[in-house]
Amino acid sequence: MKAVLATKPGGPEVLQIAEVPDPVPSAEQLLIHVRATALNRADLLQRLGRYPPSPGESDILGLELAGDVVAMGSAVEGFQIGDRIFALVSGGAYAQKAVVDYRMAIPIPEGMSYTEAAAIPEAFFTAHEVLFTCGRLTTGETVLIHAAGSGVGTAAVQMAAHCGAHILATARTTEKLNLARSLGAQDTYCCSDGLFAEWIRHRTEDRGVHLIVDPVGAAYWEANLNSLATQGRLVVFGLLGGRSTAVDLSMILTKRLSIIGTVLRSRSLAEKISLTQEFKARWLPLLARKVLRPVIDSVFPWDRVADAHRYMEANRNLGKIVLVIDDSSQRCEASHSDPT
Ligand SMILES: NC(=O)c1ccc[n+]([C@@H]2O[C@H](COP(=O)([O-])OP(=O)(O)OC[C@H]3O[C@@H](n4cnc5c(N)ncnc54)[C@H](OP(=O)(O)O)[C@@H]3O)[C@@H](O)[C@H]2O)c1
């Protein structure tokens, strides 16, 4: 089969499509003919050599996929050859074939394309984790969602709105703020200066918000603490704005705050299976009925994977960037919007 390989750590130019051995499914795994995958920030870091895969996992990039079952191990239950599935994976999705534990595979609902399905797992699993598992968001609470026009942000705004939360959202472009409002945010702030605490104080009449979900980290730390209500929760799930900052612990004590960090990729298989089951029960029916939707910015053929990485690095995407995997040596003819 062919796969995208990072020939050495470096910029997008190191990504090359090359011939590699087919993966072999274990007893509990499905072999998937991959039709589409989607980009994640982790892919950019892995390409740069800063985020190696966990031991025993594929060193091919790609953390989510949609495709068809073409073979399976002896212990697999509930799937047949030809089934259309999508899944979160621990690597290996930038390839014509990949393996996935059958308990992580989710049937693609009727009427949903491979492109749409591939754009769901990382964004919706992460948003569920940060809002509900870590963040314990409940109806009527106020949540502040940063980078609301991102892949995770667009899922989080929809899920928080569905739960009946009051949503305040930040992003750094007008287009992303408009998108967040169209998905359910009640109010938005253009955060190019990082000074959102005064806006929050004003919008909440000095009370602060119950929950903040934050992929920015250091650059927003102080304003985040200033923006939380008494007993508020801050869930940090990305470090786009840096990993270290000076910490004044006094506000954590006086406001009795909870600071929670989370990451999906290094979780055990058992934890990921459990997360998949929670997603299937709570969110899949809503996605199947199109009450919620993956927001897709653009679809690139996989021979333009380097351009797709450059596009994400430039923060240009509103929602997800999907890669269509070509299963022949010909250039992919699937319809796509070309944003460049
Ligand atoms: N912990 C986990 O399990 C987990 C899982 C998935 C993703 N993540 C992390 O979550 C973050 C978002 O992922 P994603 O897939 O949603 O990303 P994405 O779609 O690529 O969007 C990220 C957006 O963040 C904003 N941004 C970038 N740098 C920023 C900075 N320094 N300060 C403020 N905003 C900044 C940009 O939007 P603006 O134009 O609005 O600035 C950018 O478009 C990433 O850090 C990713 O690694 C974590």
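Where is the place of Arg-310 in this chain? Helix 11, residues 305-313. I'll come back to that residue after a quick overview.

First, the ground rules. This is a predicted model, where local features need pLDDT of at least 70, side-chain atom pairs count only at pLDDT 80 or more, and totals for chains, interfaces and linings use all residues. Residues are numbered from 1 along each chain as its sequence is written, and side-chain values use heavy atoms, with hydrogens and water left out.

Now the overall fold. The chain has eleven helices and 15 strands. Both are DSSP runs, numbered from the N terminus: helices are H or I with at least four residues, strands are E with at least two. The radius of gyration is 20 Å, close to the 20 Å that the globule rule gives for 340 residues, so the chain is as compact as a globular protein of that length. That radius is taken over C-alpha atoms, and the rule is 2.2 Å times the number of residues to the power 0.38. Along its principal axes, the C-alpha trace spans about 60 × 40 × 35 Å.

Next, burial. Of the 340 residues, 54% count as buried. Buried means under 20% relative accessible area, exposed means over 50%, and partly exposed is in between, with a 1.4 Å probe and protein chains only. The chain exposes about 14,600 Å², and carbon and sulfur atoms supply 51% of that. Those areas come from the Shrake-Rupley method with a 1.4 Å probe; for residues, only the protein chains shown count as cover.

On to contacts, meaning heavy atoms within 4.5 Å. Take those with a separation of 6 or more: residues 24 or more positions apart account for 68% of them.

How is the chain divided? Domain 1 is 2-120 + 294-324, and domain 2 is 124-261. The contact takes eleven residues from domain 1 and 13 residues from domain 2. Their C-alpha centres lie 29 Å apart. The bounds come from an automatic or database domain assignment.

Look at helix 3, residues 121-133. Twelve of its 13 residues are buried. Among them are Pro-121, Glu-122 and Phe-125.

Those three names come up again with Leu-88. Leu-88 sits in strand 5, residues 84-88. Its relative accessibility is 4%, so Leu-88 counts as buried. Leaving aside neighbours within four places in sequence, Leu-88 is in contact with Pro-121, Glu-122 and Phe-125, among others. The list also includes Leu-63, Val-100, Met-104, Leu-264 and Lys-272. Leu-88 and Glu-122 are 34 residues apart in sequence, yet 6.7 Å apart in space, C-alpha to C-alpha.

Back to Arg-310. At 38% relative accessibility, Arg-310 counts as partly exposed. Leaving aside neighbours within four places in sequence, it is in contact with Pro-12 and Glu-13.

Last, two backbone angles. Which phi does Asp-206 have, positive or negative? Positive, about 75°, although Asp-206 is not a glycine. Asp-206 lies in the loop between helix 6 (197-203) and strand 11 (209-214). With a relative accessible area of 54%, Asp-206 is exposed.

Asn-315 also has a positive phi, near 60°, in a residue other than glycine. Asn-315 is in the loop between helix 11 and strand 15 (320-324). Asn-315 is partly exposed, at a relative accessible area of 32%.
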